[in-house]
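Subject: Structure handover

Hello,

I am passing on the structure below, with notes on what was found in it. Please read them with the structure open.

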Amino acid sequence: NAEKIDVTFMDADGSERSMQARVLGTAPRYDVALLETIDKANAPITYLGDSDNMRIGDWVMAIGNPFGLSHSVSVGIISAKDRREIAPSGRAGFYNFLQTDASINPGNSGGPLLNIQGEVIGINTAIINYAQSIGFSIPSNMVSHIVAQLVEHGEVHRGWLGVGIDPLPEEMTEKNKSNNGVVVTSVFEGDPAHQAGLKVGE
């Protein structure tokens, strides 16, 4: 609900310039928004890399404004992938974070996580307050999917089943020698799973 948005860039000579921008779409559950600068011709450009290609131990660089210290850079490695148990600011969302030990602090949020080719492979978004050098970034491949929907719809449309689930009981995992799967505990009337005939207990 901002009345005006300014995006500030730093040029190669260290000088700053600002451009007005407008919101094309938001995805609050992902902590992502898509902005368009009014002066597109003179905006600096970087490219989204393939976050799936990042390996644990790969070098990365985080850029942001930690504690108001503008255009700060920190370096580190990818510490882990596919972190789903993190809820930024208590928000439960659909995340699949890259974990990095590149220093991320309040003010880094929204800044890029770059690979050594200078491609954006993540958006810095979360930290663990009581820890040091444990930060999290939204993977660029997830961002690409979100951005495509924001361009088309202005919001993210997600598929849904309409079921409640539980992990497989121990006797089933032992029998199948696998814990891949879930048990349906409830089916919501009128939702796609109900219309398809899915039953509780399957």
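Two strands are said to pair if DSSP finds at least two bridges between them. The model is a predicted one.

The barrel

On that basis, 6 strands close into a barrel, in the order β4-β5-β6-β9-β8-β7. The pairing in this barrel is antiparallel. On average, neighbouring strands of the sheet are turned by 45° against each other, with direction ignored. In general, strands of a sheet pair through backbone hydrogen bonds, and they do so either parallel or antiparallel.

One of these pairings can be followed by residue. Strands β5 (residues 72–83) and β6 (residues 97–100) run antiparallel and are joined by 3 bridges. R83 has F97 in β6 as its bridge partner.

The helix

Helix α1 lies across β8 and β9 (135–139). Against β9, α1 runs at about 45°.

The largest pocket

The volume of the largest pocket is about 1,800 Å³. Several elements give two or more residues to its lining: β1 (5–10), β2 (16–27), β3 (32–37), β4 (59–64), β7 (112–114), β8 (120–127) and α1 (140–153). The largest share, 6 residues, comes from β3.

Sorted by class, the lining has 21 nonpolar, 11 polar and 5 charged residues.

Regards

How values were computed
Residues are numbered from 1 along each chain as its sequence is written. This is a predicted model: local features need pLDDT of at least 70, side-chain atom pairs count only at pLDDT 80 or more; totals for chains, interfaces and linings use all residues. Side-chain values use heavy atoms; hydrogens and water are left out. On a 1 Å grid over the protein atoms alone, a cavity is a set of points where a 1.4 Å probe fits but cannot get out, and a pocket is an open set with protein on both sides within 12 Å along at least five of seven lines; lining residues have an atom within 4 Å of a point. Grid points are joined across faces, edges and corners, and a volume is the space filled by probe spheres set on the points. Helices (H or I, at least four residues) and strands (E, at least two) are DSSP runs, numbered from the N terminus. Ala, Val, Leu, Ile, Met, Phe, Trp, Tyr, Cys and Pro count as nonpolar, Asp, Glu, Lys and Arg as charged, and the others, Gly among them, as polar. Axes are lines fitted to C-alpha atoms, for helices over the stretch in contact, and angles run from 0 to 180 degrees between N-to-C directions. Contact means heavy atoms within 4.5 Å.
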